[in-house]
Amino acid sequence: MELFRSEEMQLCQLMIPAEAARDTIAALGEVGMLQFKDLNADRTAFQRTYANQIKRCDEMARQLRFFTSEVEKAGILVAPRLSAGQGLMEFDALEQKLGQLESELLELNANSDRLHRSHNELLELQLVLERAGTFFEDARSSADRAQRESATAAYADSTRTPDIGAPLLESAQAFEPKAVQLGFVAGTIPVEKLAAFERLLFRATRGNMFLKFTPVGSVADPATGERVEKAVFVVFFAGERARQKILKICEAFSANRYPFPDDISRQRQMNAEVNGRLRELHTTLEAGDRLREGVLQAISLNLEAWSIQVRREKGIYHTLNKLSVDVTRKVLVAEAWVPVAAKARVQDALRTAAARAASPVGTVFQPLVTYEQPPTFFQTSNKTSAFQDIVDAYGIARYREANPAVFSIVTFPFLFAVMFGDIGHGIIMLMFALLLVIRERKLAKQDLGDILGMMFGGRYVILLMAIFSIFTGMIYNEMFSVVTTWFGRTRFACATDHTLTDPVTIMMNPDSCPSAFSTGLEMTTRGTPFAFGVDPAWHGTRTELSFLNSMKMKMSIVLGVVQMNAGIILSYFNQRYFADSLSTLCEFIPQMIFLNGMFGYLCVLILMKWATGSTADLYHTLIYMFLSPGDVDCGGKCPENKMFAGQAGLQVFLLLMCFISVPWMLLPKPLILKKRHEARSQRSASYGLLQPDDNAYRFQRFTDEESVSGESAVVGSSRHGASAAGHGGGHEEEFEFGEVMVHQMIHTIEFVLGAISNTASYLRLWALSLAHSQLSAVFYDRLLMGSIRGGGSPIAIFIAFFVFTCATIGVLLVMESLSAFLHALRLHWVEFNNKFYHGDGYQFMPFSFEVIDKEPL
């Protein structure tokens with residue numbers, strides 16, 4: 001069972017020649033099985049040996065990110081890396097190549113930006129010439145029309161008979177205002193700023209201006225290149241002071257001003273020149289874009305390969321910075337954790353690296369004896385990794401302790417299915433899971449987002465949850481809350497008409513058997529239960545809810561006690577593996593007695609009641625086991641509660657054993673640890689010869705004893721371990737009896753109270769199963785069947801079916817499945833794991849190119 005315990009680890013020392021250091025680390029990165037220790041933790045990042053190389057890698061990574069953004073903006077696909085040698089270059093050559101490409105691309109971008117800016121400015125100038133010319137043409141037409149009207153009026157006045165008062169008005173008519181030369185400013189401005197622009201112009205000039213504007217639609221802004229809704233404006237004014245104010249206001253509002261001649265012929269000439277320059281710029285832009293696209297196409301061919309190479313180079317130099325350099329600077333010393341099973345691959349990689357670097361001296365690879373806790377490493381596949389991630393989210397397993405992920409592969413989807421059991425819902429979930437599994441390779445290469453990506457990562461968890469949901473749905477005999485007869489007909493029949501045995505007919509036609517809904521059904525053949533699952537006759541009757549409540553509640557307790565017992569048994573396997581006989585004697589045995597003395601006995605009574613058909617009240621039996629020990633049948637008032645001979649004596653014995661087990665868990669272990677510490681203190685320190693295997697490659701075993709008292713660890717020279725009394729005194733810590741006693745007291749209280757609360761916590765299996773079943777029944781009966789029974793029109797039935805489908809998917813398949821998932825997760829984390837799982841280890845994180853290649857640049 002490869003997942004039951006983590007891989008055996010070993011701390012090794014590597015002495016690498018300086019000239020082969022880079023090739024050696026690269027070869028070890030290909031293997032991906034060494035976790036290097038940082039031997040320069042006291043140094044800052046800038047004080048390390050290869051700080052300059054990392055800076056160069058960071059600069060190249062910046063250049064590659066720039067190339068990636070430019071390629072994506074151009075809509076060019078990045079070519080995948082087809083082989084390991086594609087685009088591979090020397091570090092210095094790659095740095096020079098990237099620098100040249102960046103300079104070339106920056107120059108092309110700058111030229112393109114300048115050309116686009118000039119092009120956009122010319123487009124705006126063309127609009128100004130067109131729209132402002134229209135203003136002036138309209139103004140000239142209006143002036144000519146006014147002049148003609150004035151001349152006509154003057155002629156009419158001259159032909160009129162002179163009035164007696166005319167001479168008196170000649171002096172007033174002779175006065176005419178002096179002509180003033182008006183100036184104007186033309187340009188473009190965003191439409192959203194136009195109202196504020198007009199108000200400020202009016203206030204700054206005190207109304208001595210005239211603004212004429214017209215919208216021109218969406219135009220590319222020369223400054224930003226973005227398309228903005230703009231308008232062409234012309235401001236007429238008089239005087240130099242007004243001109244200066246208007247120019248400052250245009251600058252404040254980011255209005256682009258353009259020259260506009262007064263003469264019509266000059267306007268036409270200027271318009272022709274602008275059109276010619278636009279055609280030239282358009283040709284130049286197309287040539288520049290083709291050149292830039294060609295450069296980006298060439299970059300995209302090797303962009304992925306270069307990115308991987310830079311990531312790896314940076315990872316290599318980060319790892320080299322963890323190594324210590326000797327005084328001669330000819331050898332680099334490394335310490336790394338390596339799985340024992342991977343040592344042969346590591347040694348082959350070291351020999352290959354030495355040959356590749358043409359180093360006259362190979363890397364020295366030797367094991368070290370250490371008292372540090374090794375990292376935890378589990379070999380998982382794509383099918384088991386999701387279950388391991390569920391366990392790791394609770395805590396990383398302590399080195400070599402039992403791994404709950406092995407059992408979670410079965411127990412997690414099963415407990416989920418107990419709460420989610422329905423054949424129809426399970427089939428829909430199975431179809432979704434099979435879609436993810438069948439399209440696994442294609443979906444793995446896509447960016448699925450957070451939610452769908454999480455579902456894809458747990459596709460095999462969803463697959464098993466769906467399969468187990470179909471299984472428990474068969475046990476509950478529910479398919480979208482409709483009963484099935486796949487395993488035969490019911491053993492019950494109508495009390496008034498034994499020919500009516502079909503539960504669906506009785507449920508759909510209540511008038512056919514009224515007694516089924518008042519007195520119940522009758523079993524036709526006693527002693528022959530239904531073949532598999534719940535008899536379909538229970539569905540729709542008035543006793544259905546009480547029957548299913550009783551069955552599911554008792555089933556939840558049985559499942560919970562079995563899983564908690566499995567957790568305590570796993571703690572025994574941990575204690576046996578780490579040679580911790582004291583914890584076995586003072587924790588495992590009393591815990592088994594306490595849990596099974598109460599709730600194990602209750603499970604036995606439940607199974608007996610199911611097997612014998614007893615009518616005993618188990619609530620009363622369990623409560624009065626504590627309130628009135630030895631009294632099973634209430635002093636003869638409830639004889640049905642006595643299920644077997646000697647039950648009263650057995651209950652008294654179990655109760656006494658439960659009371660004894662509490663001080664058994666609390667006192668002996670701290671006292672024995674104190675005696676051991678006193679005996680050790682009286683002995684003088686002695687050093688013995690190391691065994692041959694002790695000096696080589698074996699790991700340290702941590703016991704519960706050590707985690708409580710801090711005493712010297714046991715270093716195992718074989719799977720069963722050997723005492724390290726001769727050479728383990730160097731790391732002994734101070735023993736505090738008070739701390740040990742408090743720790744043991746907390747542990748005891750937590751288990752005693754947890755045995756009760758955890759058992760009650762498993763009743764969530766019953767509650768959520770009942771809620772799922774009743775919600776499904778409500779949606780089916782009220783939404784779907786309500787419209788059918790009511791004789792609704794086809795449109796009403798279709799709408800009801802649509803609402804039923806949406807409610808089933810949204811509420812039952814999404815919300816209910818998420819709720820059941822979270823409750824199953826809690827049952828494993830709290831009720832199961834806390835019986836044996838410490839979860840205080842740390843993850844094995846090797847230097848691996850496979851991991852580095854997936855990291856962002």
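Colleague: Which side chain meets Asp-58 in a salt bridge?

Modeller: Side chains of opposite charge can pair when their charged atoms come close. Here Lys-314 and Asp-58 form a salt bridge, at 2.7 Å from N to O. The term means a side-chain nitrogen of Lys or Arg within 4 Å of a carboxyl oxygen of Asp or Glu. Lys-314 lies in helix H7 (residues 264-320) and Asp-58 in helix H2, so the pair ties together parts 256 residues apart in sequence. Helices (H or I, at least four residues) and strands (E, at least two) are DSSP runs, numbered from the N terminus.

Colleague: What should I know about the model first?

Modeller: This is a predicted model, where local features need pLDDT of at least 70 and side-chain atom pairs count only at pLDDT 80 or more, while totals for chains, interfaces and linings use all residues. Residues are numbered from 1 along each chain as its sequence is written, and side-chain values use heavy atoms, with hydrogens and water left out.

Colleague: How many salt bridges does the rule give?

Modeller: The count is 23. One of them joins Lys-37 and Glu-372, at 2.7 Å from N to O. Lys-37 sits in the loop between strand S2 (35-36) and helix H2 (51-73), and Glu-372 in the loop between strand S9 (364-367) and helix H9 (385-394), 335 residues apart. There is also a network of salt bridges, linking Arg-22, Asp-23 and Glu-313.

Colleague: Take Asp-840 and Arg-398. Which is buried and which is partly exposed?

Modeller: Buried means under 20% relative accessible area, exposed over 50%, partly exposed in between (1.4 Å probe, protein chains only). Arg-398 is buried, at 8%. Asp-840 is partly exposed, at 40%. Their side chains meet in a salt bridge of 2.8 Å, N to O.

Colleague: How much space lies in the largest pocket?

Modeller: Rolling a probe the size of a water molecule over the atoms shows where empty space is left. A pocket is an open set of points on a 1 Å grid over the protein atoms alone, where a 1.4 Å probe fits, with protein on both sides within 12 Å along at least five of seven lines; lining residues have an atom within 4 Å of a point. The largest pocket holds about 1300 Å³. Its lining has 41 residues, and those closest to the centre are Pro-846, Ser-848, Glu-850, Val-851 and Ile-852.

Colleague: Which element gives the most to that lining?

Modeller: H7 does, with seven residues.

Key: Grid points are joined across faces, edges and corners, and a volume is the space filled by probe spheres set on the points.
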